[in-house]
Amino acid sequence: MFDILQYSFIQNAFIASFFVSIGAAIIGYFMLVRGLTFAGHAFSHVGFAGAAGAVWLGVNPIYGLLAFTIAAAIGIGSLGKELRERDITIGIMFTLALAFGVLFLFLYRGYAEEAYSILFGTILGISSLTVLITAFFSLMTIGLVLLVFRPLLFSSFDPEVAEARGVPTQKLAIAFLILVAITVSVSVQVVGVLLIFTLLVGPAATAIRLIKGPYQTIGLATVLGLLYSWISIFLAAETNLPVSFYIATLSFGVYLPVRLLVKKNI
Amino acid sequence: MSTPIIELENVDLTLGERAILHNISLTINEGEFIAILGPNGAGKSTLLKLLLGLYKPTSGSITVLGKTPKRGNNEIGYAPQHRTLEADLALRARDVVGFGLDGNKWGIALPNKKRDKHVEQALDEVDMKHLADMPVGKLSGGEQQRLLIAQALLTHPKILLLDEPLSNLDITNAQVVVSLITKIARNRKMTVLLVTHDSNLLLPVIDRVLYVANTHSAIGKSEDVITSEGLSKLYNSPVEVVRAKGRLFVIGEEH
């Protein structure tokens, strides 16, 4: 049953998804808390353009993903505080990004497989080098979030008091968006652009309903994210169906009963 | 006995095109309990933000605790005007109060008995210890307000700035919050500035009122400041103050 583990591409998938799921769960919690889930969604679309551009230029898609999403993070971050107005700008920006993605794919004239893997993930086909890059960026993100943990949580909950207490809320907001961009970039490889929510938001949204306390919530979200990915890779390898299908189904399959059965913390 | 703790001299504040405050000069002494009154949009909250260093005056000088205000001052506790607290954050009462202690420090909060004790003491001071593990979204308006006061008190500030702590509270809960603030302020010999639009609950406990309207201000005993003559001058239009059944009503202020 576990003989699939001897294949190096399966090993790569397990290792890469280990780092990605942990980073995604932590960042996902803060995205929920800060009301930034829509921005995360937008980043994945911007990332699509970046990945497609990279494919067209013949470089590793992860570089295109990082470059485009980080640029978008700085752009959105410097737009300022008004969240509602920002959503409109974000919406307009990501449709433009999608348009460029289409253009790059058209120019590339390669196999549809590339587009498919950007849209739905390629975790079973990533190279050892990509695993290293993924691990590096995920660990960096996790480390940085832990470093700014308290001020980030404080400013998410109560920006005014946090600012009065000397927390650099504006700088933190931009820094956090950049961390979201990096997390989206590495997550796209696992679940693809279209299913990004399943790893980023799914585990945290479920955990928030099940447990009290920020640390406890993040802990549970991490465990859930990791379980979703690993079980899915295993199932996918056994059944030859797409990994991201399983992750999305598991994520939804756990969230739905929790959403319906557990009373919200209000 | 009366040592000045907050001093404003000829302070002007213009935000964008709009003059918010003009030529404000006043002195507040150590241990005073001041109610800041005035119509909506008169600049009451802005005044608190000036004291916190969140805004800089366009001209004039401000001295708080002997220094020019700068953000990140642990000697000032602040609870801004609050909407209902977010229910979705998975935060408990103790987490919110804990922000007051170390929310501005880097890193994560490691398990620490001393820290827990501080937080629980603060919760106890506002009679909320039994609700320490309750998700904030489940607390009532009055309980949430008490929580935010506890948070503001954690650094043992010398000055407490409260922006509309009584709004959205029914009269019973507002009464509880007022007596709580009064008790804590007296015990700690703290200077309190409390913004409100309804002074009646506060008049028995405060030392002086600061009335802000029409970019100007007046400070003094409530019976000297809240008069038809005084407020008419401040608003620069006729205002009538009516005293009925032990309550004060200001008529004609919204124009």
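This is a predicted model: local features need pLDDT of at least 70, side-chain atom pairs count only at pLDDT 80 or more; totals for chains, interfaces and linings use all residues.

1. Chain B contains an open sheet of six strands in the order E5-E6-E7-E3-E8-E9, and the pairing within it is mixed. Its edges are formed by strand E5 (76-79) and strand E9 (216-220) of chain B, each of which pairs on one side only. From one strand to the next the twist averages 15 degrees. Helix H4 (residues 141-153) of chain B packs on this sheet, where it touches E5 and E6 of chain B, and its direction makes about 160 degrees with that of E5(B).

2. Which strands pair with E7(B), and in what sense? On one hand there is strand E3 (residues 33-37) of chain B, which is joined to E7(B) by four bridges in the parallel sense; here B:Phe33 has B:Val192 as its bridge partner, and B:Ala35 stands opposite B:Leu194. On the other hand there is strand E6 (residues 159-163) of chain B, which runs parallel to E7(B) and is joined to it by five bridges, with B:Asp163 partnered by B:Val195. E6(B) and E7(B), taken with helix H5 (residues 171-188) of chain B, also make a right-handed β-α-β unit.

3. Is E7(B) buried or exposed? Five of the five residues of this strand (residues 191-195) are buried, so the strand is largely enclosed by the rest of the structure. In a regular strand the side chains alternate between the two faces of the sheet.

4. The largest nonpolar core holds 165 residues, and the members that touch the most others are A:Val180, B:Ile34, B:Ile36, B:Leu161 and B:Tyr211. Its largest share, 14 residues, comes from H1(A). Setting aside residues up to four places away in sequence, B:Ile34 touches, among others, B:Val192 and B:Leu193, and also B:Ile206, B:Asp207 and B:Arg208. As a general background, nonpolar side chains tend to be buried together in soluble globular proteins.

5. In chain A, helix H11 (residues 202-210) is mostly covered, with seven of its nine residues buried. The buried residues include A:Gly202, A:Pro203 and A:Ile208, and the buried set packs against H1, helix H10 (196-200), H12 and helix H13 (243-261) of chain A.

6. A:Leu226, which is found in helix H12 of chain A, counts as partly exposed because it has 19 C-beta neighbours inside 10 Å, whereas a buried residue would need 20 or more. Beyond its neighbours within four places in sequence, A:Leu226 is in contact with A:Phe18, A:Ser21 and A:Ile22. The C-alpha atoms of A:Leu226 and A:Phe18 are separated by 6.2 Å, although these residues lie 208 residues apart along the chain.

7. At the interface, 28 residues of chain A are in contact with 27 residues of chain B. On the chain A side, two or more residues each are given by helix H1 (8-33), helix H6 (128-147), helix H7 (149-157), helix H8 (159-164) and helix H12 (214-239). The residues on that side divide into 17 nonpolar, four polar and seven charged.

Conventions
Residues are numbered from 1 along each chain as its sequence is written. Chains are lettered from A and ligands numbered from 1 in the order in which they are written. Two residues are in contact if their C-beta atoms, placed from the backbone, lie within 7 Å. Ala, Val, Leu, Ile, Met, Phe, Trp, Tyr, Cys and Pro count as nonpolar, Asp, Glu, Lys and Arg as charged, and the others, Gly among them, as polar. A residue is buried if 20 or more other C-beta atoms lie within 10 Å of its own, exposed if 12 or fewer, and partly exposed in between; C-beta atoms are placed from the backbone. Two strands pair if DSSP finds at least two bridges between them. A crossover is right-handed if, with the strands pointing away from the viewer, the path from the first strand over the helix to the second runs clockwise. A nonpolar core is a set of buried Ala, Val, Leu, Ile, Met, Phe, Trp, Tyr and Cys residues joined through C-beta atoms within 7 Å. Axes are lines fitted to C-alpha atoms, for helices over the stretch in contact, and angles run from 0 to 180 degrees between N-to-C directions.
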